[in-house]
Amino acid sequence: MGPTASGKTGLAVELAQRLPVEIISVDSALVYRDMDIGTAKPDAATLAAAPHHLIDLIDPTGVYSAARFRDDALALMADITARGRVPLLVGGTMLYFKALRDGLTHLPQADAALRAVIEAEAALHGWPALHAELARLDPEAGARLQPTDTQRIQRALEVVRLTGRPMSDYWRAGRAAALPYSLLSIALVPADRAQLHERIAQRFDAMLGAGLVDEVRHLREKYPLTVTMPSMRCVGYRQVWEYLESGYGWDEMRDRGVFATRQLAKRQLTWLRGMQDIIRVEPCADDVGERVLSMVADAFGN
């Protein structure tokens, strides 16, 4: 795991050359076909040397969810381990890692009419009164949620009224579906944020030099895309789309792309700080590959 531009792919390919592993991508952007430059998708030579699972799955008009990722990843992990090899999960989509590690809560779909009723009750009686009702119907959810957390109170009341089951039951079911594998979790976390920012800028400049703007033009011509689709909300693609639509200059587009990528890295690092049982490694160290190999050898006892 690690933030964007931290060297995850390079390290994964190195490990794949030296260990009996198969790479499973944990990246919500790499699932899209024809989105190669802006996603930093491994090139043909890299994929030939170290094949990646879960890339180029859907068109850019499609949607790929954390739930689908978990199902796909678990199926691949079962197949890989059955062949006597080890799954190596590589990427920066922290929500996917969390879904894989902790399981997912399968909740009923939202009911617009019931939500409107709950909102009307809140307008009449106030959210503290609805929080008190939730505490009666679902004491665990009531204790977990603050009276000011109106969105989650609304959802918890909606669920219990729709199904007769408290939200806390669904939370427990999600926890029970945790990953049926032991994990060695390694995160590439740079000590020097400025160095990561420099890497991000250099990589975005390289993407622009490789034809990112032309790639977005081609995507717009080939597919019935809109800027609100998940694929076009990916960092880099959104900024190039706005550049093509708004007419602001190249330099501004470049700066916006770099800034958005830095913000993505910041969010990824925040996720990592909150995750347990992670070994943190300095990705800028010259011996990072050897250090990770040593960790893997120690974990497997050889």
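A nonpolar core is a set of buried Ala, Val, Leu, Ile, Met, Phe, Trp, Tyr and Cys residues joined through side-chain atoms within 4.5 Å; buried means under 20% relative accessible area, and exposed over 50%, with a 1.4 Å probe and protein chains only. The model before us is predicted: local features need pLDDT of at least 70, side-chain atom pairs count only at pLDDT 80 or more, and totals for chains, interfaces and linings use all residues. Residues are numbered from 1 along each chain as its sequence is written, and side-chain values use heavy atoms, with hydrogens and water left out.

I begin with the largest nonpolar core, which has 52 residues. Those that touch the most other members are F69, L89, L212, Y237, M253 and L272. Among the elements that give two or more residues to this core are helix 3 (66-82) and helix 4 (94-102); helices here are DSSP runs of H or I, at least four residues, numbered from the N terminus. A second, separate core has 18 residues, including L188 and V288.

How do helix 3 and helix 4 pack? Their angle is about 60 degrees and their axes are 9 Å apart, the axes being lines fitted to C-alpha atoms over the stretch in contact, with angles from 0 to 180 degrees between N-to-C directions. In helix 3, residues including F69 and L74 meet residues of helix 4, among them L95 and L100, where contact means heavy atoms within 4.5 Å.

Finally, I turn to helix 6 (residues 127-137), where L130, H131, E133 and L134 are buried. Its face turned away from the buried side carries the exposed residues P128 and R136. The cover over the buried residues includes helix 5 (112-125), helix 7 (139-144) and helix 8 (150-163).
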